[in-house]
Amino acid sequence: MQLPLNEIALFMTDFLALFGVYLIVTISLNIQRGLAGIPQFGLMFAIAGGAYITGNMATRIAVWILGIKTDLDPVIDCTAVLSMVNPMLNTQPMTSFILILIYLAIGATFGAVLGLIQVAPAIRLREDYLAITLLAFAEIINVIATAYKPLLGGAFGVQVPSVYGWAGGYRYGVATLAILVIAAISYLYAEYLERTPLGRTLKAIRENEVAAASLGKSLVKYRAIAIVIGSALCGMAGTLWTLYGEYVTPTYTRFYWTFLPWLMVLLGGIGSNRGALLGTAIFVALDKLIIYYKHSFEAFLPFDVVWLDYILLGIITAIILIYRPQGLLPERPYIPKDIRKRIEEKIKQF
Amino acid sequence: MEIISLGTLISALTWSSILSLMAIGITLLYRTTKVPNFAHASFVTTGVYSATIVSLMGFHPYLGMFLGFILGGLEGLVLFYAILEPLRRRRSSIFILMIATLSYDILLYGLLNVLADDLQTTYKILARMIYYSRLDFSIGGVPGVAVISLLALITTVILLYILLNRTTLGVALRACMENTALAQTLGINVSLMLLFSWFIAGGIAGVAGALLPFYTMCGPYIGMLYIAEMFCASILGGLDQIYGAPLGGFLIGFAKVALISVLASFVGPWITEYAPIIPLAAMAVALVLVPKGLVAIKIRRG
């Protein structure tokens, strides 16, 4: 049988792009929950925030940087404005690159601000109150995005400039590459963060709030730091996903952008970045395969396959929680090199 | 021009009663099992579809309250017995229990959507837009749902009071709330008591859900839409106080429906689209000022 190469390449770019975006989100969750112990049940808030602010600002900024003179509103009349912006961007890879960096900065900043707003009312409280507050605040973002028309043009969403358009037929490949680069940077950063004094402090607070506080570590300050770092990453994920699809609607749901990342981290092992990587790969592959073979399922299922997704994932989570709560690749204690050497010397002495 | 119409007040009263019914369950479960139950959303939606099923069988959808109580209760039972009890036996943290309720919610959401699809193809009804306002009766211009939901709330509170204070079962249940270990040494079967509380709480959520289609358009998403508000009501009243839930429910219900319509008459009708922000704002203020809830405020004397 001859393999349809084009189809495989398309499947792979699609898979890698989604994988990269989810990896950024799971890394963010690992920093917030894995390191700092914050039960972040409102991941969707910062992700959707990053996506929506990109939808709102992207065309405006592109118009400004390219020096286009127009009276049209960049959100409400986005198609008309973009018909002027996109041909110019297609011939200017350098400008497109700068624009991507600007969008990422905006997404990260806005995400971080949203994260702070989200956690502010409950930052001092116990983890159950914290979880409820984070979840409740996240539910509100779509209400605002749908009601406030100037943000995203209401329920129908808004188009954003085609910043990868200069790559022609390879535009999805380039977009995927950009996502993967940011994902790799996030991964390395998380690995680095674990080994810094900040990372150790966060872990100390996670393990025992009272003991950490008695050593002068402020719970509020370090929770805020973890939320800001994590939400900034989430905001960037939202921005990247919007730029990849060149379109955004106020339809980020709790299932896809809070529950699924949680499931990935749980399967991999909370607190372990390798685990997050593995869990993300498994779930995105499953998701893509289900979508790919959707039509073969539809023949013998009397309902939409999407709901089967929900049912199965609900059951899988419960099984993981009961039978393997530490995940596939559990967190390993990290011991710095010099301390390890000292321990070995002590062992030799005896 | 009057600032607030009678219709708005009645609507606020209806919503407050339904919201209080939803919040009571959350508070009760928090008291017994110490876990915020995120699956409450789907328990409520189950109530909505109980009303639909009952009306398809040819009865008045109000009778769906009874089916809703049983189905919601059973869902609570399954959640506790199949997922939470094994986790509790492994001494899992509260945080693991919270994810477990979240995952059960996702599972039920999938099942309810399958049910809605099935009802749509089998009975040719709009199973994603359930609205029974036209089937409602009215007493002197007041829609029946206002009366029924208030009655349901009052009945629930009275029955809950009798159960908890006048029966051996209730006293045992309260003992489990106060001190689980001590209750166990006294020979109370703690897991059976917790199981019972999950049945009651799920049942009350089902009743609230069955009333919901008389008040607003419902679909499988309806529980998820209101879950934030349920928690706001529950926290505002105080997660540790069962009778705080109706207080929180009424404050948030009236703020959301009545206050927003007063605001709309001043600044314009566009503001009503932002009504869902009010409960959150109330919760944020309550968490900062009185994290233990309104019921915990003691009036200083002298």
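## Helix packing, chain interface and a loop tyrosine

In chain A, the axes of helix 2 (residues 43-66) and helix 12 (residues 254-268) come within 8 Å and cross at roughly 130 degrees, where axes are lines fitted to C-alpha atoms, for helices over the stretch in contact, and angles run from 0 to 180 degrees between N-to-C directions. Helix 2 of chain A is therefore oblique to helix 12 of chain A, since angles under 35 degrees count as roughly parallel, over 145 as roughly antiparallel, 65 to 115 as roughly perpendicular and the rest as oblique. The residues that make the contact are tabulated below; two residues are in contact if their C-beta atoms, placed from the backbone, lie within 7 Å.

| Helix of chain A | Residues in the contact |
|---|---|
| helix 2 | Leu43(A), Met44(A), Ile47(A), Ala48(A) |
| helix 12 | Arg254(A), Trp257(A), Thr258(A), Pro261(A) |

These residues divide into six nonpolar, one polar and one charged, with Ala, Val, Leu, Ile, Met, Phe, Trp, Tyr, Cys and Pro counted as nonpolar, Asp, Glu, Lys and Arg as charged, and the others, Gly among them, as polar.

This is a predicted model, in which local features need pLDDT of at least 70 and side-chain atom pairs count only at pLDDT 80 or more, while totals for chains, interfaces and linings use all residues. Residues are numbered from 1 along each chain as its sequence is written, and chains are lettered from A and ligands numbered from 1 in the order in which they are written.

Chain A as a whole has 16 helices and two strands, these being DSSP runs numbered from the N terminus (helices H or I, at least four residues; strands E, at least two). Its C-alpha trace spans about 75 × 50 × 40 Å along the principal axes.

Between the chains, 38 residues of chain B are in contact with 34 residues of chain A. On the chain B side, the elements giving two or more residues are helix 3 (64-89), helix 4 (94-123), helix 9 (222-237) and helix 11 (277-289), and helix 4 of chain B supplies the largest share, 18 residues. That side divides into 31 nonpolar, four polar and three charged residues.

Tyr131(B) lies in the loop between helix 4 and strand 1 (138-139) of chain B. With 15 C-beta neighbours inside 10 Å, Tyr131(B) counts as partly exposed, a class between buried (20 or more other C-beta atoms within 10 Å) and exposed (12 or fewer), with C-beta atoms placed from the backbone. Leaving aside neighbours within four places in sequence, Tyr131(B) is in contact with Pro213(B), Met217(B) and Cys218(B).
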